[in-house]
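Subject: Structure handover

Hello,

Here is the structure for your work, followed by notes on what turned up in it. Please read the notes with the model open.

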Amino acid sequence: MDASIETAPVKPTITIDDLDKIDVRVGRIVAVDDVEGSKKLIKMTVDFGSFTRTILSGMKEEREDCEAELKGKQALFVVNLAPRKMAGEVSEGMIYDIGYEDGILPALAMPERDVPNGVRAG
């Protein structure tokens, strides 16, 4: 592991009210599919306990086999982003990963043990 990466500057200060607007929940990835015509996007079906969402992510080129590496895993997701159309598909949230913005191979932000799908982070 290379510990010599230069970290980005800290973003501007926000209030607790700003943070409370973001709904971050644990979801289990139950299906992973390619997005036809896209070199980067995958489509995940994510179980949040009382609801399911389709979430797109540009991680296809980052992993050898997205389905084998992601299906069945729990991860952190933002579930209250406005739906966004990408490559003809609609994404209903965002997966959290660690490292992408800093130019390293991303890792999923995951709970250390299984927790109920849909529980909130924070």
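**Findings**

E101 is exposed, with a relative accessible area of 73%. The residue sits in the loop that runs between strand 8 (97-98) and strand 9 (107-108). Its C-alpha atom is 10.0 Å from that of T7, although E101 and T7 are 94 residues apart along the chain. Please keep in mind that this is a predicted model.

**Core**

The largest nonpolar core has 15 residues, and I29, M44, L70, F77 and I95 are those with the most contacts inside it. At least two residues of this core come from each of strand 1, strand 2 (42-47), helix 2 (66-70) and strand 4 (74-78). The most is given by strand 2, with three residues. As a general point, nonpolar side chains in soluble globular proteins tend to be buried together.

I29 belongs to strand 1. Is I29 buried or exposed? The residue counts as buried, because its relative accessibility is 0% and the cut-off for buried is under 20%. Along the chain I29 and I55 are 26 residues apart, and 9.6 Å separates their C-alpha atoms.

**Salt bridges**

- E89 and K43 meet through their side chains in a salt bridge, at 3.6 Å from N to O. This pair links distant parts of the chain, with E89 in strand 6 (residues 89-91) and K43 in strand 2, 46 residues apart. E89 is partly exposed at 26% relative accessibility, and K43 is partly exposed too, with a relative accessible area of 22%.
- E69 pairs with R63 in a salt bridge whose closest N and O atoms are 3.3 Å apart. E69 is partly exposed, its relative accessible area being 26%. R63, at 17% relative accessibility, counts as buried, because that value falls under the 20% cut-off.
- D18 forms a salt bridge with K21, and here the closest N and O atoms are 4.0 Å apart. D18 is partly exposed, with a relative accessible area of 31%, whereas K21 counts as exposed at 58% relative accessibility.

In general, side chains of opposite charge can pair when their charged atoms come close.

**Surface patches**

Which residues gather in a patch of negative charge on the surface? They are D33, E64, D65 and E67. D33 lies in strand 1, which covers residues 24-34. With a relative accessible area of 37%, D33 is partly exposed.

There is also a nonpolar surface patch, made by I14, I16, L19 and I22, with an area of about 380 Å². L19 belongs to helix 1, which covers residues 16-20. Why does L19 count as partly exposed? Its relative accessible area is 44%, so the value falls between the cut-offs of 20% for buried and 50% for exposed.

**Backbone**

A87 has a positive phi of about 50° although it is not a glycine. Most residues other than glycine have a negative phi. A87 is placed in the loop between strand 5 (84-86) and strand 6, and at 48% relative accessibility A87 counts as partly exposed.

**Where to look**

When you open the model, the following places go with the notes above.

- Strand 1 holds both D33 and I29; D33 is partly exposed, while I29 is buried.
- The loop between strand 5 and strand 6 holds A87, with its positive phi.

Regards

Terms used
Residues are numbered from 1 along each chain as its sequence is written. This is a predicted model: local features need pLDDT of at least 70, side-chain atom pairs count only at pLDDT 80 or more; totals for chains, interfaces and linings use all residues. Side-chain values use heavy atoms; hydrogens and water are left out. Patches are made of residues with over 30% relative accessible area and no salt bridge: like charges are joined within 9 Å, nonpolar side chains (Val, Leu, Ile, Met, Phe, Trp, Tyr) within 5 Å. Accessible areas come from the Shrake-Rupley method with a 1.4 Å probe; for residues, only the protein chains shown count as cover. Lys and Arg count as positive and Asp and Glu as negative; His and the chain ends are not counted. The place of a charge is taken as NZ of Lys, CZ of Arg, CG of Asp or CD of Glu. Helices (H or I, at least four residues) and strands (E, at least two) are DSSP runs, numbered from the N terminus. Buried means under 20% relative accessible area, exposed over 50%, partly exposed in between (1.4 Å probe, protein chains only). A nonpolar core is a set of buried Ala, Val, Leu, Ile, Met, Phe, Trp, Tyr and Cys residues joined through side-chain atoms within 4.5 Å.
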